[in-house]
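Please read it alongside the model.

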Amino acid sequence: MSQVHETGTATRAPSGPSRDLKLAQLTKEYATFTAVKALDLVVPQGKFFALLGPSGCGKTTTLRMVAGLETPTSGTIHLGDTEITYDKPYKRPVNTVFQNYALFPHLNIAKNVAFGLERRGIKDHKKQVADMLELVELTSQAHKKPTQMSGGQQQRVALARALINQPEVLLLDEPLGALDLKLRRGMQLELKRIQTEVGLTFVHVTHDQEEAMTMADTIAVMNQGVIEQMGAPNELYENPRTTFVANFLGQSNLIAGEIEGRDGDLVKVRVQGAVASIPADRAHSESGKGWLGIRPEKVLIAEAGQPIDAPGDVITGGYVTDVSFVGVSTQYMVKMPWGQELMVFEQNTGARRMLPVGTKVDISWRPEFAFLLDASQDAKAGIEED
Amino acid sequence: MTSTAGVAPANPHETATKAPRGRKLTGYWLILPGALWLLVFFVIPFYSLLAASLFDPKGSPLTGYDMTWHFGNFVDAFDQYKGQIGRSILYAGIATLTCLVVGYVLAYAIAFKAGRWKNLMLVLVIAPFFTSFLLRTLSWKLILADDGWVVSAAQTLHLTNLLNLIGLTSTDDRLLATPFAVIAGLTYNFLPFMVLPLYASLEKVDIRLIEASGDLYASPIRGFFKVTFPLSLPGVVAGTLLTFIPAAGDYVNAQLLGSPNTRMVGNSIQNLFTSQGDYAAAGALSVILMVIIVAAVMLYVRTAGTEELV
Amino acid sequence: MAELDRRTVLKGVGGAAFVGVSAAALKYGFNTPDQKQNPADRMAKDVSATDKRLVFSNWPEYIDEDDGKYVSTLSQFEKDTGIKVQYTADVNDNNEFFAKVKNQLGSGTSTKRDLFALTDWMAARMIQVGWIQKLDASKVPNLHANIIDSLAKPEWDPKRDYSAPWQSGLTGIAYNKSKAGEIKSFSELISRKDLKGRVSLLTEMRDTMGFMLLIEGADPENFTDAQWQKATDRLAKAKGDGQFRSFTGNDYVQDLASGNVLACEAWSGDIANAGDENLVWIPPEEGIIIWADNMLIPNMATHQDNAEKWINYYYEPEVAAKLANYNSYICPVKGAQEAMEKVNPDNVHNELIFPTEKTLAKTHRFMALDEAQIRTYEKDFSDVTGS
């Protein structure tokens, strides 16, 4: 908060009652399809919130409704107690960092950054602009035109141009999508740093799960107009509730099983002849068929007959069909006796040699790392879309 | 490359250097038709005009003209026709401004609001070109005729009084043969030259920039003046030039819709060349008009500063 | 450094060469030569006998046409002589036609025409610069025998050695009697308040300035510079007051008929031919301007003999009467009035075709001008009408 300059800003809410962003039953229908279906969402004040989903899932539409660039078909948007659902975009204390930056090509960097302040009648903005350019490390570029700058620099200008207005909510629409991978990594950390410094509410729309997990305090995974699951990044990753989340956020092995029922804090599942025990809080189905899910890096692998350092069940009879060496780890595909190929990621600790294709192997995992999903869902949901 | 070839002519590189030279020549061959065209249809006529402007004014088409570096022609022509020059600039200026206002609204509507009617509207903009310039102007003569319904409607609505008041018409309640009719004719005839470049440049304005301006607290009107309009400046500059330059030199509208008191410099040049056969004065007046227009255009383009938008 | 110097030098030399070549081109490349010719040197071989043709350029609607049983004068000529006439109505304006043939006549080459008809002053101008062939008096006996006295001795061709009038006409005032009160004089035309902005005058300097000089009490055939100055000043004043709608060529009838123009300076035959009974033509009180369109044989014409046969033919009274009956302009041929009895008795006393001595006494011509005077007067006139 120390970075926020209090001079002459009207939009900044007084400290006091919470100024959370609340979406209630928000719906956007177009002639041929529904982009957003009765969305309920609370973005806590001062948090870095990510809206994650594949393209066409409705996340950008949601963002544009918050910005005022689209009018909702029904539902409401509140900032604290103030309803802003139908406010004109230029009357909302909300600013956006657009996907392609949308910098004004006829204005130099300093004037781009000062644009919002000038429109609100703040004439004496020299210091604010200078401070903002310093924050995004572009002080020396103030008099250049946007077209003379690199993608990363333009991105930072777009950020500065929005941030200088000290909006209550900053919306970021795929802000890093146009950058190359290396630059994107750098900007992710940069964005997180700035958000921490200014302490504003950030709503970040992205289809890149890694980006969302790196930066966000809370992620909402969106699919086909609804939020599938919302929570802290590690919580979503470790304990996905749907096959879509399991697949879209990282990778998962989903193995078909029969749920035998609950036993205390555990749910028992029969999987390919063996019985697995899943902690009840990780079991999102308690009867019938289910998908037993396990992350590839949680699966341990050893040559057939060799001991595996795990207390869980050992499944034997697999063999390696593919090996990819990716530096920090080795990724194996293991064909199981029932025909399914499972992914296994092993850290390259150096404790054992790499297993060549064709090696007969046993695999195992700790039951508390597994999760259980309802088998009515498509096991491949969320795989192709990224 | 060339110096290597010079140092070692027997070098195997030579064959390599020859190929690009051949390609270079191709470039010149491609320029040739255009250059010839310019020579025949621009350079020679231009020199001819320049020579005529320096003819001894005592000549005539029958007794012949001699080029005697008679620079006094310029002084005489300017002195005698400064009224028409001023009138041309004034009329063309008003017509250009009117075209800009009307044309901008139209181009904006076509670019942003026309939807699927866009192509149809563009065709309608250029539709007048399907008939001849002269015919279109002549039909305005019919429309604005003293006994026509336009004049009586304008009289009923007291529009003629308003026009009289600002000096665009004479005092006897008519439209034809007044400055108003000439300016209206110029505006009508050159409007498409304004609309098309404006449309082309508005069409290129990224709608997301307009959204961004709204997001940054600019009301639609301020967003227009701060973002859309500056971004359409290349079209504004092109459109005003394409309208002003031909309008300033036009003589058809003044001839058909004006009166002897609304003659423009184009009428004088035409009259000097064809009726009076005074090539010296005609040439000098043409060169003066050209210099004024070129100077005005350079000043204008520099002020508008479009190069920053490229 | 050496490279740079050489480049600078080359640039300098190139620039100087460009300026030099441009200056030379301007000085010598575009001068226009004197267009004066000697008609005796520009006589083409006459092929009339072997190539029985005649090419004639005339003004539009100026000759009678075959109509049912009616045999036109032209058809009759072809029948009588066996000469095929290529008649083209491509003279719309003296200046325009002048521009059309100027390059050929000025350089002594053929215009591909054997005969054309131009108004007095333009005919005079062409004769003056030697572009017109002399007529063989022995081949046009009718011309010299029958031409009416008032047209027989123009100052610019006192013996009609070079020219033969096709038709003559009067310039006066026309007005729309359904919309404007009676007009009697040219000074009313240029000053009456009820006509303000609804008057058109002719761009023909000799017509319009003729009347302006008459208003000043000057003789258009012999006036002083001071009188000329007063006449142009008066015209400029009226123009400045917004009296005039326009200065026109042939196209004034349309505006007069539509009501945009209430009154105008007009040629006699045009109004008679317009067939609108609201349009009347009157001779102004100040006087009338008379003019004629003259048949001329240009240099290098190849059918002089056929052309002379044509001229001689149209100076037969019966032929002239038929022609005048068609186009209502003044007939230049003596005896045509008597011949008109047979052609159309109604027109025997038509003042437009056969003006009485009384009318003719009121007519005026414009003084003959040399090339320099043409330039001066045309310029003074244009400065008023064109600004």
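Which residue of chain C forms a salt bridge with Asp146(B)?

1. Arg198(C) is the partner of Asp146(B), with the closest N and O atoms 3.0 Å apart. A salt bridge here is a side-chain nitrogen of Lys or Arg within 4 Å of a carboxyl oxygen of Asp or Glu. The rule finds five across the interface of chain C and chain B.

2. The model is predicted: local features need pLDDT of at least 70, side-chain atom pairs count only at pLDDT 80 or more, and totals for chains, interfaces and linings use all residues. Residues are numbered from 1 along each chain as its sequence is written, chains are lettered from A in the order in which they are written, and side-chain values use heavy atoms, without hydrogens and water.

3. Contact (heavy atoms within 4.5 Å) joins 43 residues of chain C to 42 residues of chain B. The two chains bury about 3,400 Å² between them, 47% of it on carbon and sulfur atoms; buried area is the accessible area (1.4 Å probe) lost on putting two parts together, summed over both.

4. Within chain A, an automatic or database assignment gives domain 1 (21-238), domain 2 (252-293 + 368-386) and domain 3 (300-364). The C-alpha centres of domains 2 and 3 of chain A are 21 Å apart. Their contact takes seven residues from domain 2 and five residues from domain 3.

5. Domains 2 and 3 of chain A bury about 570 Å², carbon and sulfur atoms giving 53%. Asn253(A), Ile255(A) and Gln272(A) supply 65% of the area that domain 2 buries against domain 3. Zero salt bridges are found across this interface.
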